[in-house]
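Biologist: I have a model open and would like to learn how to read it. Please take me through the features one at a time.

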Amino acid sequence: MQTDILVIGWGKGGKTLAKTLGASGRDVTMVEQSDEMVGGTCINVACVPTKSLVTSASRRREADDADTWFAESVDRRDTLIEKLRAANHAMLDTLASVCLVSGRATFVGPKRILVQAGEDQLEISAETVLINTGTVPAVPDIPGVDDPRVFDSTTIQHADPMPKHLRIIGAGPIGLEFAGMFRGFGAEVTVVNSRDVLLPKEDRDVAEALEAAMAADGIRFVHGTRADKIAFEDGEDAVLLAAGRTPTTSGLGLETAGVELDERGYIKVDERLRTSAEGVWAIGDIHGGPQQTYLSLDDSRIIGAQLSGEDSRTTTDRVAVPTTVFTTPPYATVGMTEAEAREAGHRILVAKKEVAKIAAAPRPKIVGDPRGIVKFIVDADTDLILGARLIVVDAQELINLIALAMRAGVTATELRNGIWTHPSTTELLNEVLGELSLA
Ligand SMILES: Cc1cc2nc3c(=O)[nH]c(=O)nc-3n(C[C@H](O)[C@H](O)[C@H](O)COP(=O)(O)OP(=O)(O)OC[C@H]3O[C@@H](n4cnc5c(N)ncnc54)[C@H](O)[C@@H]3O)c2cc1C
Ligand SMILES: NC(=O)c1ccc[n+]([C@@H]2O[C@H](COP(=O)([O-])OP(=O)(O)OC[C@H]3O[C@@H](n4cnc5c(N)ncnc54)[C@H](O)[C@@H]3O)[C@@H](O)[C@H]2O)c1
């Protein structure tokens, strides 16, 4: 089979390009290895189902039976995901110039793949190839990982029975999100952190505030400990491996295609996401940048521009990329930490306030979770925001506004004097940015 544009893997950036190119009549072929993964990692096993479970867990009350609540939460998650997967399938299936192929792709030459599905095989050649195959949970090379009580971020979403006493290996975003989730579901939770402190790149006051909020919920942390075997201590009934992700490049035959890998096994790309092979791009997690769905989406804009002859953007154009880890309350970041701003030579103003002490923004108190801290780092000479850290309800929304202000050159004074709805979390900007002082 011959196609114009071949997308390997139904990830966020790849499916977005397949849709826009297909809708404009381009000949596109999408290859996905698993019917369970139509729509990609984010909607099937990552961002969306985990946030559904985090939300359900946060709504549970002490009196609710843990097993029943968990089972109902999983059902709710499954119903949502099935709908999203069907919508994703329909999005491409309804486009006449998009061909969907089910099976696992392996390169057999430059811009040439073999797709295998059971006994069936199909060879596809393309003008343009977009590799969007993502990552899978990393399995540390330690004894005991094969124990049936050991889960990864995918399998634990259907754990049966629900773990009641969980040990989590890794204190990155996955470890922290699942810690809050399972604590909410009523489990005892211990997080094993290989680093000496939580979030070592973060300012200490912020990291300590997050740890305090999680510890107040009853989550235990063991810092400075690298798990060297799977151990079930003090009645633990389950272990979650949250020790990073592994690229899906091994076995993809990339050497045959002239696509080079870096020392970590990710695909090497330039700032336009071009690989070492002509006409082959890599999108999303597979090229080893920060792993966020919205960056895979932005990758699709960079590649889409090149495919339509515009070539207008690169990854180096990205500024003020926000992040949110969906702990309870959520922890969101954009720009520099205080330490980074100092190191970069800025004269800085800092405003920092515990959420409980913010008088003029009552929303966190209204929704019943006034924990956390917010912190802003501002350039004293230009009045521009250099960075923000939010541990507060709605942080995943407010951080986007601050990121936009940073990109658009909106000053701290303008944000402080902004007219915001009431009661909202946004209006904390009025009060907290009124308390900036030289630091
Ligand atoms: C538990 C968890 C929670 C997360 N939460 C968030 C969040 O809240 N917000 C956020 O922005 N990010 C989150 N992330 C990260 C986010 O999920 C990823 O950055 C994003 O899904 C990456 O998408 P992608 O475009 O790289 O491809 P993916 O969505 O990973 O798609 C890759 C596809 O390729 C297929 N594939 C692989 N190999 C082959 C092959 N050889 N042939 C054919 N098909 C193949 C796979 O089956 C898969 O469907 C989370 C990740 C995890 C694990
Ligand atoms: N909300 C979000 O945006 C979100 C949510 C989840 C995941 N993600 C992305 O998914 C990716 C994977 O997340 P993650 O948390 O698995 O990875 P990570 O690499 O961020 O964190 C894994 C942690 O586990 C530690 N670790 C590794 N082996 C260990 C061992 N044997 N014992 C103890 N600790 C060990 C590592 O040192 C590291 O601190 C990240 O890039 C993340 O950004 C994003």
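Biologist: What is the order of the strands in the open sheet of five strands, and which pairing does it have, parallel or antiparallel?

Modeller: First, the ground rules. This is a predicted model, where local features need pLDDT of at least 70, side-chain atom pairs count only at pLDDT 80 or more, and totals for chains, interfaces and linings use all residues. Residues are numbered from 1 along each chain as its sequence is written, while chains are lettered from A and ligands numbered from 1 in the order in which they are written. Helices (H or I, at least four residues) and strands (E, at least two) are DSSP runs, numbered from the N terminus, and two strands pair if DSSP finds at least two bridges between them. Here the order is β8-β12-β9-β10-β11, with parallel pairing. As one example, β9 (165–169) and β12 (238–241) are joined in the parallel sense by four bridges, and Arg167 has Val239 of β12 as its bridge partner.

Biologist: Which strands stand at the edges?

Modeller: They are β8 (150–151) and β11 (220–222); each has a single partner strand, so one side of each is left without a neighbour in the sheet.

Biologist: How many residues of β2 are buried?

Modeller: A residue is buried if 20 or more other C-beta atoms, placed from the backbone, lie within 10 Å of its own; it is exposed if 12 or fewer do, and partly exposed in between. In a regular strand the side chains alternate between the two faces of the sheet. In β2, five of five residues are buried: Val28, Met30 and Glu32 on one side, Thr29 and Val31 on the other.

Biologist: Which residues touch the most other members of the largest nonpolar core?

Modeller: Such a core is a set of buried Ala, Val, Leu, Ile, Met, Phe, Trp, Tyr and Cys residues joined through C-beta atoms within 7 Å. In the largest, of 77 residues, the answer is Ile168, Leu240, Phe376 and Ile391. Helix α11 (395–408) contributes the most to this core, seven residues. Another core, of 39 residues, lies apart from it and includes Leu6 and Val101.

Biologist: How is the chain divided into domains?

Modeller: Domain bounds come from an automatic or database domain assignment. Domain 1 is 2–135 + 246–317, domain 2 is 150–243 and domain 3 is 323–438. The centres of domains 1 and 2, over C-alpha atoms, are 28 Å apart.

Biologist: Which residues come nearest to ligand 1?

Modeller: A residue counts as near a molecule if its C-beta atom, placed from the backbone, lies within 6 Å of it. Of 36 residues around ligand 1, Gly9, Gly11, Gly40, Gly134 and Gly284 come nearest. Helix α8 (293–307) supplies the largest share of this shell, three residues.

Biologist: Why does ligand 2 lie between domain 2 and domain 3?

Modeller: Both domains give residues to the shell around ligand 2, so it lies between them. Of its 24 residues, Gly170, Gly172, Ser194, Ala243 and Gln291 come nearest. Helix α5 (173–184) and strand β15 (323–325) each give two or more residues, and α5 gives the most, with four.
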